[in-house]
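Here are a few exercises to work through with the coordinates open. Try each task before you read its solution.

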Amino acid sequence: MMNVSPARLAAGAATVTVVLWASAFVSIRSAGAVYSPGALALGRLLAGALTLGAICLVRREGWPPRAAWRGIGISGVLWFGLYMVALNWGEQEVDAGTAALVVNVGPLLIALLGARLLGDPMPPRLLAGMAVSFTGAVTVGLSMSGGGGSSLLGVVLCLLAALAYAAGVVAQKPALSRASVLQVTTFGCLVGAVACLPFAGQLVHEAAHAPLSATLNMVYLGVFPTALAFTTWAYALARTTASRMGATTYAVPALVVLMSWLALGEVPGPLTLAGGALCLAGVAVSRSRRRPGAEPAAAVEPRPERVS
């Protein structure tokens, strides 16, 4: 059997993540029309936690070590919990373009927090790539803006989502050196679900009246963009820096444009296509290396991993 380098496996995992996270925007638009922000977040997290929990039982993963719980708890509350509720709510208050523009501040915050708290390097190529991608995200956001569809509350909620996302990623990174990818993801998802339990009454009431398509979209969000994509994200994050992984997510706006075109028949304009191309170009620059095949030693963790 052909051996695949850890760098290629991490790149493949990151690709799976951004594709599934992009697909989530299409499902959120359907489910979010029926489910309230908190109920949608709780339903998504419960579906994700059940899926991940079943895998953990089969693999006999057990509980994470005590040293990993701080990072798991913080990322669970902020990223799995607060981020999903704030983003769901924010997207109901602002147009899609404004939401995409504000939330894409997240990777920049990850880079700043990663450099400050984790000692992540900030090579010129990473900074240049992020600048190009952010320009592309702004272009996509402006081209999709509905004009006058934004509210101050919605902008604040999207900014809160970006902050929670960035802080959750930075908190998750150290936990991945103390527990397996599956443990960190599963228990982070469970913590987020517990944090969202105050919305249980809304979820039960809305699920009783929701069309099957909306509920299936909510389950899809839990199984694929949450259970699978957050696991592949953690796998890749354990093998590179938080800053570089954050930059990779700038591919999401470009993929959302493509998926909306194919799945919803929303034909993008020239400005939207140009912005998507800039997003992808910036990701390519940020992930390029001065010497092919040479990953910075500090960014690679040789610890054997139990999740393939």
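**Exercise 1. Find where R60 lies, and decide whether R60 is buried or exposed.**

Solution. This is a predicted model, so keep that in mind throughout.
- Step 1: look at the loop that joins α2 (37-59) to α3; R60 lies there.
- Step 2: check the accessibility. R60 has a relative accessible area of 75%, and since exposed means over 50%, R60 is exposed.
- Step 3: check the backbone. Most residues other than glycine have a negative phi. Phi of R60, though, is positive, near 55°.

**Exercise 2. How many salt bridges does the structure hold, and which side chains meet?**

Solution. Side chains of opposite charge can pair when their charged atoms come close.
- Step 1: count. There is 1 salt bridge in the structure.
- Step 2: name the partners. They are E61 and R59, with an N to O distance of 3.5 Å, inside the 4 Å cut-off.
- Step 3: see how accessible each one is. E61 comes out at 6% relative accessibility, so E61 counts as buried. R59 is at 38%, so R59 is partly exposed.

**Exercise 3. What kind of aromatic pair do W69 and F187 make, and which helices hold them?**

Solution. A ring pair is described by the distance of the centres and the angle of the planes.
- Step 1: a search of the whole structure turns up 13 aromatic pairs.
- Step 2: take W69 and F187. Their ring centres are 5.4 Å apart and the planes sit at 75°; the pair is therefore edge-to-face, as angles over 60 degrees count that way.
- Step 3: W69 is in helix α3 (residues 69-93) and F187 in helix α8 (residues 181-195), so the pair ties together parts 118 residues apart in sequence.
- Step 4: compare accessibility. W69, at 30%, is partly exposed, whereas F187, at 10%, is buried.

Key. Residues numbered from 1 in each chain as written. Predicted model: local features only at pLDDT ≥ 70, side-chain atom pairs only at ≥ 80, totals over all residues. Heavy atoms only, no water. Phe/Tyr/Trp six-rings, centres within 6.5 Å; stacked < 30°, edge-to-face > 60°. Helix = DSSP H or I, 4+ residues; strand = E, 2+ residues; numbered from the N terminus. Buried < 20%, exposed > 50% of the residue type's maximum accessible area, 1.4 Å probe, protein only.
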